[in-house]
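Hi everyone, thanks for coming. Let me put the structure up, and then we can walk through it together.

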Amino acid sequence: MTAEQIIFLIVGAVTLASALMVVTARDLVHAALWLVAALFGVAIVYTLLNAGFLAVVQVVVYIGAIAILFIFAVMLTRRQAAKDTGPALNQNWWLGALLAVLTFGGLVALLQTWSGFSKTASAIPSGFDAVNELGTALTSPAGYVLPFEVASVLLLAALVGAVYLAFNKK
Amino acid sequence: MNFWNDPLKVAADWLTGVFVGWGMNEIAAHVLVVFLGILVLIIVLMVIDILLVWIERKVVARFQDRIGPNRLGPFGLIQPFADIVKLLIKEDTTPNGADKVVYNLAPMLSMMSVLILWAVVPLAPVMTGVDLNTGLLFIIAAGSIGTLSIIMGGWSSNNKFSVIGAFRQVAVMISFEVPMLAMMLIPTIFAGSMGVNAIIQSQDIWFFWLSPLAAVIFMIAAIAELGRSPFDLSEGESELVSGFNIEYSGMKFGMFYAGELLHAFTFGGFWGILFFGGYRFFGLENVSFIFAILILLVKAMIGYWIIMWVKYTMMRIRIDHMLAFNWKFLTPVAFVLVMVVALMNALLKGAPAWLYVTGMLLANIVVAWVSLEVVRSAGRKERERVEGAQVVEAAHH
């Protein structure tokens, strides 16, 4: 096993454990903090895949903005209300588990038909600027300019909608 | 390869050789050497941090027409060490009903979010922790961990004041992150890279001369991000006692305090790096790496001094004023400036250097002037509205 594989296994285990804690933690703020840990693990997985830009954006957007807003909203509620005391499972737990296993199995089966599944990635040539390539791909007409613009318009619409909802009519 | 050209690599190679000579695995030796390098950097930073306490106290004393610490050692230089001993022997208290793990984790995260910033700071042309090509985004990402530490400390203390303080601080931080990120895009446009070292290398002319407005907005956003006066509502001694760190005692409080000072110093350094050429000073940085480090330290100190100057001169502003200032003035100006600079950069691409600099400078002055005029006319209208209403009211009575 190479050092990279060992790191990946550790990070993967920590990420999955944190994700499990998100749904089992009794305290809502703790759940949000475990979510931060899980998101951080995903960022490390991105770095292992040589996607440094995605890793940093993951931390900025998901931890710096989304998770903080979660915690913000939870903190506004009363402390006792944020604690869950009821049973953690209902009668349908086996159905949920079955669906999760089926989805995982389906994804694995689907990926096995892909030729790149069992190949090791070729080494990145030295001097390869991933950020530059990503920027060019996102803005060139031959690349992904249309999906990029559509996503931008969608976000703008969400922004306008938020302003409209919060706007205080006189 | 001699020591004076690339000291880090020579030292690392030598140490790796020693460890391998002791019969260590080559990879393990490499990891150990990198670890030792990080440890040395952190120790140097913490020693600087101790001296920053002294500098801060001396400077604030001068601003307030006092002498400051002057009893222990020459110029009171031993005072900060006495402070540390005091902090260490204080009782370590945990409030009733506190969330212990989160409570103890928060000061560590706060310190970590500052120290991690130095991973991307180039101390000299060849002395960089990691030369990330996303260096500027990394700074913002580290800042979001700092925000998290404040919210954790404020919430877990089980104290109303600390929660309110944390709320305010987070509100400040997530709002001022926006103009700060926009202002980081401007050196990125000039340098064509987000890497910190590439930005320094392309500053044959300081970026301050290309875009002084960006430097000013960056400084304002940095002061807000640090939670220093006039944006220190999270501490607000007169209303919140001490804000998010109210329940912390001893060295845990010391971690927050030291983290804040080092953060201010670090942002002074980033100001120098982004707009004043970092370690570069008329080719002096190529003579020896010692000069380069000294130049960077001097620039960081100047930035830090400006932050202190603002802190001890300005009054605290109210939270709604702070938010309005950010969202209605700073953010729009920052976005307009980014657009104008990008457009001018595209227009002046092939132009000679003098034309490029003059054009950029003029564009900046125009943006600053127009935005100030807009604010002034809006202010005048608002004043007329309020005063007009008062006149009408007075007529009714």
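What percentage of the 170 residues of chain A count as buried? The answer is 13%, where buried asks for 20 or more other C-beta atoms within 10 Å of a residue's own, with C-beta atoms placed from the backbone.

A quick word on the model. This one is predicted, with local features needing pLDDT of at least 70 and side-chain atom pairs pLDDT 80 or more, while totals for chains, interfaces and linings use all residues. Residues are numbered from 1 along each chain as its sequence is written, and chains are lettered from A, ligands numbered from 1, in the order in which they are written.

Back to chain A: we have 6 helices and 0 strands, counting DSSP runs of H or I with at least four residues as helices and of E with at least two as strands, numbered from the N terminus. Its radius of gyration is 21 Å, well over the 15 Å that the globule rule gives for 170 residues, so chain A is more spread out than a compact globule. That radius is taken over C-alpha atoms, and the rule is 2.2 Å times the number of residues to the power 0.38. Along the principal axes, the C-alpha atoms fill a box of roughly 55 × 50 × 30 Å.

Now, where do the chains meet? The contact takes 19 residues from chain A and 18 residues from chain B; contact puts C-beta atoms, placed from the backbone, within 7 Å. On the chain B side, α5(B) gives the largest share, 9 residues.

Terms used. Two residues are in contact if their C-beta atoms, placed from the backbone, lie within 7 Å. A residue is buried if 20 or more other C-beta atoms lie within 10 Å of its own, exposed if 12 or fewer, and partly exposed in between; C-beta atoms are placed from the backbone.
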